[in-house]
Amino acid sequence: MSACETVYVVDDDPSVRRSLARLLRSAGHRAETFASAREFLDGPAPGGPSCLILDICMPGMNGIELQETLRPIDTRAMPIVFVTGHGDVPKSVRAMKNGAVDFLTKPFDDHELLRAVDAALRRDRELRRLRAAQSETRARMGTLTPREAEVLRLVVAGLPNKIIASQLGIVEKTVKVHRGRVMHKMQAGSLAELVRMAGGEVAHGLGGQQ
Amino acid sequence: MSTKGAVLAVDDDAVSLSALKGTLTAAGYEVALAANGESALSSCVTAPPDLVLSDIRMPGMDGYELCRRLKGRPETRHIPVILISAVAEAQEWAEGLRTGAVDFISKPFQADELLARIGTHIDLSRAHAEIVRQAAALGKANEELRCELDERIQAEESARRAVTRLRAVVELTGQLTWTTNAQGEVVEDIPAWCEFTGQDRGHALGWGWTRALHPDDLDRTLRAWRQAVRNRGGYETEYRLRRKDGAYRDFLARGMPVLRADGTVAEWIGTCIDITERKRAEELIHRQRDDLAHVARVGVISELAVSLAHEISQPLAAILSNAQAALRFLKAGTPDLDEVRSALADIVSDDQRAGAVIKELRAFVKKDESRWEPLNMAEVIEEVHVITQSDAVIKNVAVDKDFATALRCVRGNRTQLQQVILNLFMNGCEAMEGIELARRVLRISVFEDGSGMVVVEIADRGRGLPDNVKQKIFDPLFTTKPQGLGMGLPIARTIAESHGGTLTAHNNSDRGATFRLALPAHGDRV
């Protein structure tokens, strides 16, 4: 767990807010609390991995509405653990369909909550790593020359050097040289790695002209 | 009197007659003369003298005959007759007396003697006449008295009959009648009272009747009675009276003074009527009304059950999290005791919060609710809010409170007034179902309106009251809700009115409706 991991708590009930923050602290987490969805949205975007413990029933914007507001915003979207005083089935279904990590009814056991928080933080860490990797890959792909980008595309497509050479109208040796530079620029140790790293981007039509 | 009297002298001898006249006239008598018996008789009839002085021996009617005749006629019977005789014989005297003469005088007579006798007999005659007159007058008076007595007896009799009839009529209606003297003491027989209470006639006399009153009512009744006697009016009071079988019955006693012509009190008359059944009926109505209000309260609470469960589960969840957090802190290498301490402090206050909701709830659904006390309506509203805040959140209603600061108290029953506020709150929230979320605002304000009333207004922003509904909302069993009983508002209005206040509704000028509860303020103006 890195130092800037934060668990956010949004609940209109002050007793619940305080007790949740305390429970989180007792498990070694850093907690920040907000009394309403509006307050949370007006606050700064999270710096490191984070997750949200969210009450459903609140005056003004309720929990589900906040979830739907956050989803499209990359810098703010985070895994959500819902807590509620009611056992409202339709709401729980909707929350889960929208991608919530868990849906807990008050009063809940500390293990239940902390397990869900751990899962949420894990998910967020994973997501961030993926995102970071993605942008790293894109940055590297940005350093390729157009010819190198073409070679990358065809290599990732699984074509042997000979075919690539004939497709591009260059000699096999040149292909090998380009390939070497691509591997170097992309910092891939093997073909498999290269495919893993850049496969998705290429498939989405990035980093190359068709 | 100008003359001593009128004398008729009768003699056939003119000389004697003239001598008599002289003597008598000189003595001051009015003298009439007659030469014979017949003319003397007719003279007596037409102008009765005070005395007749007559010679016995006369031709035609003699003195005896004249006397006999005079005594025989009622109009001349009373005239005393003195006979004059030339012969002083005992026989003549006896004869004369037999005829009714009062005296004799023989010739020749002494003038003094004659006048003396005449004077005496006239006096006697007059005295006699006077006696007769007085006797007649007495007899007449006696007669009149007897008539009057008869009339009075009859009047008393019919009065007695009337009183008896009246008493019987009054007692047929179940009332007891009683009378006292002007000082309020029983002096006459009060049979109906004695019959009911079983008191002896003697026991009830004076102030003895008070022994049949319930001891707790004795002081109050005596005070009221004494005051009424002092003020000569206005006696009306209730007390419990012990029946001869020992049971106490509730009575309403009324009395009024009977005034003499000069305005003083002659006596008091009164009735007592058994109102036990009426009081029982009144108590039953009160109880039933209270029962109904209670049922309505329980009904309202069941509508709130979901939000109440939520209201209590919040602090419970917080307590659990705090306790589990504290345990975790204690497990660490160096336990963070500050955290543990503040966790425990929060547990205490969260428990109290839950306890407050339960306490309000319990007080609200309790049946016994007889105490009246000074209340601050702002506080009453806050107490209701404890039960309703979750409901407001669930229904997405924002509650806007506007409480005046210098608010006087009202006097009343806390539970009942909470019931009214709760009812208006629930209605206000329901009125805004289906309205766009951002517009759901319920405004609760409390203020004094300047006319001595404390006013609570609950205004919603719903669709308002249509005319046909507005007329009927306070009618019992009228409801627009599918599950409604329709008793909430009628009961609320009854509560308002029993507190001396009003409950009304009107549509707002822009949107929604406002319900207005007005209650009389107590205490000095702030």
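**View 1. B:R414 pairs with B:E373 in this predicted model.** B:R414 is partly exposed, at 24% relative accessibility. Its salt-bridge partner is B:E373, with the closest N and O atoms 3.5 Å apart. B:R414 sits in helix α13 of chain B, and B:E373 in strand β10 (residues 373-375) of chain B. The pair therefore ties together parts that are 41 residues apart in sequence. B:E373 has 19% relative accessibility and counts as buried, because the cut-off for buried is under 20%.

View 2. B:D217 and B:R240 form the pair, and their closest N and O atoms are 2.8 Å apart. B:D217 counts as buried, at 6% relative accessibility. B:R240 counts as partly exposed, at 27%.

**View 3. A:R30 and A:E32 pair within chain A.** Their side chains meet in a salt bridge of 3.0 Å, N to O. Both partners are partly exposed. The relative accessible area is 40% for A:R30 and 28% for A:E32. Over all chains, the count comes to 55 salt bridges.

**View 4. Chain B meets chain A through 24 residues of chain B and 26 of chain A.** About 2100 Å² is buried between the two chains, and carbon and sulfur atoms give 51% of that area. Six salt bridges are counted between chain B and chain A. One of the salt bridges joins the side chains of B:R328 and A:D110, at 3.2 Å from N to O. Polar contacts across the interface involve 13 residue pairs. On chain B, the elements giving two or more residues to this side are α10 (305-331), α11 (337-365) and α12 (377-394). Helix α10(B) gives the most, with 14 residues. The residues on this side of chain B comprise 11 nonpolar, eight polar and five charged.

**View 5. B:I421 is in the largest nonpolar core.** This core holds 54 residues. B:M377, B:I421 and B:L517 touch the most other members. Helix α13 (residues 414-431) of chain B gives the core eight residues, the most of any element. Leaving aside residues up to four places away in sequence, B:I421 touches B:M377, B:V380, B:I381, B:V384, B:V456, B:I458 and B:L517. A second, separate core has 24 residues. Among its members are A:L20 and A:V83 from chain A, and B:V340 and B:A343 from chain B.

**View 6. B:A513 is buried in strand β16 of chain B.** The strand covers residues 513-522. B:A513 has a relative accessible area of 3%. Beyond residues up to four places away in sequence, B:A513 touches B:I458, B:A459, B:D460, B:G464, B:L465, B:H506, B:N507 and B:N508. B:I458 lies 55 residues from B:A513 along the chain, yet their C-alpha atoms are separated by 8.4 Å.

**View 7. Chain B has 15 helices and 16 strands.** Of its 526 residues, 41% count as buried. Among contacts in chain B with a separation of 6 or more, 63% come from residues 24 or more positions apart.

Key:
Residues numbered from 1 in each chain as written. Chains lettered and ligands numbered in written order. Predicted model: local features only at pLDDT ≥ 70, side-chain atom pairs only at ≥ 80, totals over all residues. Heavy atoms only, no water. Contact = heavy atoms within 4.5 Å. Buried area = accessible area lost by both parts, 1.4 Å probe. Salt bridge = Lys/Arg side-chain N within 4 Å of Asp/Glu carboxyl O. Polar contact = N/O pair within 3.5 Å; in protein donor to acceptor, adjacent residues only side chain to side chain. Helix = DSSP H or I, 4+ residues; strand = E, 2+ residues; numbered from the N terminus. Nonpolar A, V, L, I, M, F, W, Y, C, P; charged D, E, K, R; others polar. Core = buried A, V, L, I, M, F, W, Y, C linked by side-chain atoms within 4.5 Å. Buried < 20%, exposed > 50% of the residue type's maximum accessible area, 1.4 Å probe, protein only.
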